[in-house]
Amino acid sequence: MTFAALIRLLRAHIELHESLLALSRRKTEALKKNDIEALSALLADEQKHILAIRQLEERRQRWLKEALGDEAATVVRCIAMAKGKEREELSECYKRLKATVEAVAEVNELNRQLIEQSLQFVTAMIETFAPTPSTYSRTQQYTPTPERPLFESKA
């Protein structure tokens, strides 16, 4: 059995994930600079990458189903089944893809934290500058009752 098609798919996965990693790092810089326009463009590019990755994943699952009869087979299982140079190539692809996916996850976690901090800052600023409801309002006026004058001279 040959795994050349799977190796090509994994290399395409690696390229897309490395490109996604670069986008995520640029997104971090846009978040730090509060560049909303750049952030919007990066998010659109990110969605395109995610769609392409999903399509590649579907192709990989189809190949696994056709070649092995099991679309849930893992790359590790394929490495165990491969021989010689294909085993080395699959192993290398697996390591690179795993490292890239972990790096994307780390950068995305950093971006999540930056967004969360930004939201906390905005919320704090809104609470600071927003008028707080008070128990007194300008429409309420004190009017002394006839039984009790405003100023008691006997006190």
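Contact here means heavy atoms within 4.5 Å. Everything below comes from a predicted model, where local features need pLDDT of at least 70, side-chain atom pairs count only at pLDDT 80 or more, and totals for chains, interfaces and linings use all residues. Residues are numbered from 1 along each chain as its sequence is written, and side-chain values use heavy atoms, with hydrogens and water left out.

**View 1**
The protein chain has 4 helices and 0 strands (DSSP runs numbered from the N terminus: helices are H or I with at least four residues, strands E with at least two). Take the contacts between residues at least 6 apart in sequence: 68% of them join residues at least 24 apart. Of the 155 residues, 26% are buried (under 20% relative accessible area; exposed is over 50%, partly exposed is in between, using a 1.4 Å probe and protein chains only).

**View 2. Helix 1 packing on helix 2.**
Here residues 4-33 (helix 1) meet residues 36-68 (helix 2) at an angle of about 165 degrees, with the axes 10 Å apart. Axes are lines fitted to C-alpha atoms over the stretch in contact, and angles run from 0 to 180 degrees between N-to-C directions. The two helices are therefore roughly antiparallel (over 145 degrees). As for who sits in this contact, the residues split into 18 nonpolar, 5 polar and 7 charged. Nonpolar covers Ala, Val, Leu, Ile, Met, Phe, Trp, Tyr, Cys and Pro; charged covers Asp, Glu, Lys and Arg; the others, Gly among them, are polar.

**View 3. Glu 46, a residue of helix 2.**
Is this glutamate buried or exposed? Glu 46 counts as buried, at 9% relative accessibility. Skip its neighbours within four places in sequence, and Glu 46 is in contact with Leu 20, Leu 23, Ser 24, Lys 27 and Asn 108.

**View 4. Glu 57, also placed in helix 2.**
Glu 57 is partly exposed, with a relative accessible area of 25%. Glu 57 and His 13 are 44 residues apart in sequence, yet their C-alpha atoms are 8.2 Å apart in space.

**View 5. Thr 2, in the segment before helix 1.**
Not counting residues up to four places away in sequence, Thr 2 touches Trp 63 and Glu 86. Lys 83 is 81 residues from Thr 2 along the chain, with 8.9 Å between the two C-alpha atoms.

Note on methods:
Angles under 35 degrees count as roughly parallel, over 145 as roughly antiparallel, 65 to 115 as roughly perpendicular and the rest as oblique.
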